[in-house]
Amino acid sequence: MQGGTHLRNKFSGGMHKCINKLLSLPIPQISSSYPTFTRNCTRIGFNSTSIIRQHKPFHHQYRYLTTFNPHHFKMVTSPTPVSLSSVESAKRQAAHLAVDAHFPRSISPPSSPILIGIGSGSTVIYVVERILQLPHSLLSQCIFIPTGYQSRQLILSGSLTLGDIDSHNHLHVAFDGADEVDPALNCIKGGGACLFQEKLVAIKAEKFVVVADFRKISSSLSTAYAPGVPIEVVPQAVSWVTKRLVELGSVNPTLRMGGRAKAGPCVTDNGNFIIDAPFRDGCVVGKEGEVNGGVKGSGIGDTGNVERLAEEIKRIVGVVEHGIFCRGNAKAVMAYFGMEHGDVTTRTEVV
């Protein structure tokens, strides 16, 4: 018995090392490695242990449940599907509908590539999922332009053809998420600090299509998205831009910090900083100090105020770009929203 116990403990130590090594791997390596790992560890046992790891690729979700049975000395690994919530399911449906309705099936001349802009955010994951379900003969004609690191990785992981934004000045369609969308399809974007690339991709596209969930629907910009309008600024101009934003009516504009992973400000892909500027009280302050546009607490207000604010912010020295997407600044032609109870609603551009 002592010899058997010693042998089991010896195997246990080796197994723990093996498991620790497995769990230290990136998730894609774990998912591809676990069948071999299971086969090699069959009939090796130690104290009863269960490990649950989440694997969330862009097209589905799996939970890998690994169980060690001390009686049979066998490790059993099985993929168990995890159902999506009603909101996630609606977001997926919204993304699929957007692709089905707006992805070009052909262009003229036929020899020209189909150029597609791919944005960022959780709903865009489902956009790429649907694109990958399109015929290979169609996808082989396409070049996909990312708005940042996340979308670049989505394109590469799907083995789609990656393009550079500076090589193409005309895109056929761009799909992206939004942080807030008003009834006229004016949007606030930039919560992920990619607003400059997102606007550049959207403004070059014939059609800019938004996919989001119901929490992004707003009656007036800067009411649903609490941080306000994201503004990318040159680092040396932070204090000046902040001063001018207050003069325009912003309530406590704040330099965005990098969070737990980084001490100091958030730095964009372009090496700039982000100021988040809420406009909760009617938006633009006039020359005599009066507030123009909407009652107190209503946000930026109507489309005229939205466009005027976008122009005023862009005039500030030190501003690289702002996160207001409106007429003349990459306005969406249609938005698809995954709703709270699992259905999808749409909004169309107001001309």
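Student: In strand 9, Phe208, Val210 and Ala212 point one way and Val209, Val211 and Asp213 the other way; what makes these residues count as buried or exposed?

Tutor: Buried means under 20% relative accessible area, exposed over 50% and partly exposed in between, with a 1.4 Å probe and protein chains only; by that rule the residues on both sides of strand 9 are buried, and this holds for six of its six residues. The model is predicted, so local features need pLDDT of at least 70 and side-chain atom pairs pLDDT 80 or more, while totals for chains, interfaces and linings use all residues. Residues are numbered from 1 along each chain as its sequence is written, and side-chain values use heavy atoms, with hydrogens and water left out.

Student: How do you know that strand 9 pairs with strand 6 and with strand 17?

Tutor: Strands are DSSP runs of E with at least two residues, helices are runs of H or I with at least four, and both are numbered from the N terminus; two strands pair if DSSP finds at least two bridges between them. Strand 6 (residues 173-176) is joined to strand 9 by three bridges in the parallel sense, with aspartate 176 opposite valine 210. Strand 17 (residues 334-338) also runs parallel to strand 9, over five bridges, and methionine 334 is the bridge partner of valine 209. Both counts therefore meet the requirement of at least two bridges.

Student: Why is the pair of phenylalanine 208 and phenylalanine 325 called tilted?

Tutor: The search of the whole structure gives two aromatic pairs. Rings of Phe, Tyr and Trp (its six-membered ring) pair if their centres lie within 6.5 Å, planes under 30 degrees apart being stacked, over 60 edge-to-face and the rest tilted. Phenylalanine 103 and phenylalanine 144 have centres 6.5 Å apart and planes at 35°, so they form a tilted pair. The other pair joins phenylalanine 208 and phenylalanine 325 at 5.9 Å centre to centre, and its 40° between the planes makes it tilted as well.

Student: What makes lysine 199 count as a charge over the ring of phenylalanine 325?

Tutor: A charge sits over a ring if NZ of Lys or CZ of Arg is within 6 Å of the ring centre and within 35 degrees of the ring normal. The charged end of lysine 199 is 4.9 Å from the centre of the phenylalanine 325 ring, and lysine 189 lies over the face of that ring at 5.7 Å.

Student: What makes Phe103 and Phe144 part of a nonpolar core?

Tutor: A nonpolar core is a set of buried Ala, Val, Leu, Ile, Met, Phe, Trp, Tyr and Cys residues joined through side-chain atoms within 4.5 Å. Phenylalanine 103 has a relative accessible area of 3% and is buried, as is phenylalanine 144 at 0%. Both are among the residues with the most contacts inside the largest core, which has 28 residues.
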